[in-house]
Structures are given as structure tokens and as C-alpha cells.
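I opened this notebook to record what I looked up in one protein model. The entries are kept in the order in which I made them.

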Amino acid sequence: MKKRWTVSQAEKLFNLPFFELIFEAQKIHRVHFNPQSVQISTLLSIKTGNCPEDCKYCSQSARYRTDLKAEKLIKFDKVMDSARQAKKAGATRFCMGAAWRNPNDRDIPYLQKIVREVKSLGLETCMTLGTLSENQANSLSEAGLDYYNHNLDTSEEFYEKIITTRKYQERIETIERVQKAGIKVCSGGILGLGETVKDRASLLVQLANLPKVPESVPINMLVQIKGTPLFNEKKIDFFDFVRTIAAARIMLPSSFIRLSAGRKNMNEQMQALCFIAGANSVFSGCKLLTTDNPNEQEDHILFKKLDINLDFTKKNVLEEKDSFFSEKEVESGNFYEAC
């Protein structure tokens, strides 16, 4: 029977001594994944800007004046060219994002076509399009969409300070519709919005306590964009970011934990710490929707230094060592009770 996390239990994880937290996260990581493997995804903006939402971190909101140039839904050939380039660079998943509050039904057949053709290249597909209706989720599922991204962004308690045009519960309901349609979920959050440690703990609790946990959990570090309300927000401490990665790995042991936005501002040593803490997926490619991101060459250089391969086959390599959590607790998922 699945156990439920509480915020107080999650906060205790965050308050563990740094090395102890990282060590426990790495042990749990090894139960579920090959620790020398990282999964590569590429993210393409297929419709940019003029979004009606007021997400205070986002350059694509029509409410803020940034240097972003809005673009309509891009042509099919351009999507396919980008997908082929992504596969050639080592990506196994091709993700596509559209700056909508929700897609129009008239756009669904085109999106279905994209999904089918990208899958024909041998790539997994993921889309992030905003709120989906039940019919839209079913249509994308019928086309073979593998993943749907719908981030919770932050804790429910802090959410209204970041977004007012969409309720937190709406996000939960979209995730439920997607899962009901048989599509895997990609859902995570953003760090550095001005949130507290308790907010970070609460976000992970929300994700871990979903009836079915997201298969993929992107952890973003805020990219400060001039013209958005959070441009001058205090930057998150790098060690606090790594702590969140480790807590996410412990609380979501079988999910892929992805380093997402903000990786351009992380040096190699910080990224290495994140991988030790349990991150095992990255977005690669020079653009992440509208923000800069390490290119494929930079990533392959880093992976070579760290002896990381791109075969993300799950593998149980747990070593028996003295631990804050017993092996039995790790395997059962009841390790949080040791807190």
C-alpha cells in the first residue's frame, strides 16, 4: 500500500546534514537506476509568446515587456528537422511546448500528426500545451503521445504569489486527465521564485502523493528574464538546489529527475553534484524554449569527464552499506519513517 508523505517529513529530509542527504539519495538512486546513465531530452518551442497567463517568471506572457519575439505555431517540416537533429545528437525524447493557456480543438489534428511522425523516427514524444480537456487528452493519447508536461511550479501555498490566472487545482486536474488517458506525466517545479524550504518540501509532497507519481520530474532553476516581475529575485544557493534534487530522488525514487531550466548557469561541478544526488535526465540543446541552454557538445564533454553513458536502462546496483535508511526501507518505500 502506497505511503503518503507529510510536509514535516519532507522538511526533515531537507534538514539532514548535506553529505548524509546526498549519500542516502545516491543509495536510493542505485536501487532504481544505473548511476552512470543519463537520459537526454530536447525541447522545442512550437508556438512562442503571447500567452495570456501571468506566470511571473515567464518571458512568454503577453502581460510583460521582454525582448521575446512572438511566433505562431511553426510549420511541420521545421518540427521534423529539429526532431531529426535531436536524435542525431543523442536525445531519446523530443519535447514540444506551445505558449497557450489551453490548445484549441482545431489544432489537435495537427498536433496528432506531429506526434505520429516524430514517433516514427524512434523518439519518445512529450508535449506541454497548457490545460487539456478530457477529449484533447484522449486524442493525443490515440496519436501515441508518450509524455505530457504540466508543472506544478511551486507549493500550493506559494502558488498565488507567482500565478493568478490559473488555479493550482486546475493543474492537478489536467494531470489526472492525462493519466486517465494513458499518457505518462512529466511534472516538476521551479526553484528561486522567492519560495521557502517549506514550499520546496510541499511541492515534492504534492508530486509524491499523487495517485500515480509522475514518471518524469523536471527541477528548474529560475532564469531571470528582464521585463518579468522576478527579474531581480534573489538567486537560489547552489547547495540548496542540490538538496532539492536529493530530496526529490528520495521521495520519488522511480521517477526520472531532470535538470531543466537554469543549467546554463550551473558549472560542471554543480551538475556533477546533482547527478550524485540522483538527477538522471537533462534537456540538451542550445535553446530551452526561449532561454539559453548548454549545447550538445558541452554536454558530451561533461558526460565524458564523468564517465556517463546515455543508456538509461534501469538497473539495481544497491550496495549493502550502513545507512540512515535500511535496505528494507529503501525497497519498500517506507524509508521516510526513519526520519
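**Entry 1. Ground rules.** I noted that this is a predicted model, in which local features need pLDDT of at least 70 and side-chain atom pairs count only at pLDDT 80 or more, while totals for chains, interfaces and linings use all residues. Residues are numbered from 1 along each chain as its sequence is written, and side-chain values use heavy atoms, with hydrogens and water left out.

**Entry 2. The whole protein.** I found 11 helices and 11 strands; these are DSSP runs numbered from the N terminus, with helices (H or I) of at least four residues and strands (E) of at least two. Of the 339 residues, 56% are buried. Buried means under 20% relative accessible area, exposed means over 50%, and partly exposed lies in between, for a 1.4 Å probe and protein chains only. I then looked at contacts, meaning heavy atoms within 4.5 Å. Among those between residues at least 6 apart in sequence, 76% join residues at least 24 apart.

**Entry 3. The first annotated site.** I looked up UniProt, where an unreviewed entry lists C95, C126, C186 and R258 under "binding site". These residues are spread over 164 residues of sequence, yet they cluster in space, with a largest C-alpha distance of 13.9 Å. I kept in mind that UniProt positions follow the numbering used here, that feature names are shortened, and that annotations may be inferred rather than shown by experiment.

I located C95 in strand β2, residues 93–98. C95 counts as buried because its relative accessibility is 3%. Beyond its neighbours within four places in sequence, C95 is in contact with S41, T42, L43, L44, C126 and F283.

I located R258 in strand β8, residues 256–259. Is R258 buried or exposed? R258 counts as buried, because its relative accessibility is 0%. Leaving aside neighbours within four places in sequence, its contacts include Q39, S41, C186 and F283. The side chain of R258 also makes a polar contact with the side chain of S41, at 3.3 Å. Such a contact is a pair of N or O atoms within 3.5 Å; within protein, one must be able to donate a hydrogen and the other to accept it, and residues adjacent in sequence count only if both atoms are side-chain atoms.

**Entry 4. The second annotated site.** I found another UniProt "binding site" annotation, also from an unreviewed entry, covering C51, C55 and C58. C55 lies in the loop between β1 (39–47) and α3 (76–88), and C58 is found in the loop between β1 and α3. C55 counts as buried because its relative accessibility is 10%. C58 counts as partly exposed because its value is 22%. Not counting residues up to four places away in sequence, C55 touches Y64, I162, I163 and R171, and C58 is in contact with Y64 and T228.

**Entry 5. D299.** I located D299 in helix α10, residues 296–305. D299 is buried because its relative accessible area is 2%. Not counting residues up to four places away in sequence, D299 touches R263, F283, S284 and P294.

**Entry 6. Two helices.** I examined helix α2 (residues 18–32) and helix α8 (residues 238–251), whose axes come within 8 Å and cross at roughly 40°. Axes are lines fitted to C-alpha atoms, for helices over the stretch in contact, and angles run from 0 to 180 degrees between N-to-C directions. Among the residues making the contact are F18 and L21 of α2 and F239 and V242 of α8.
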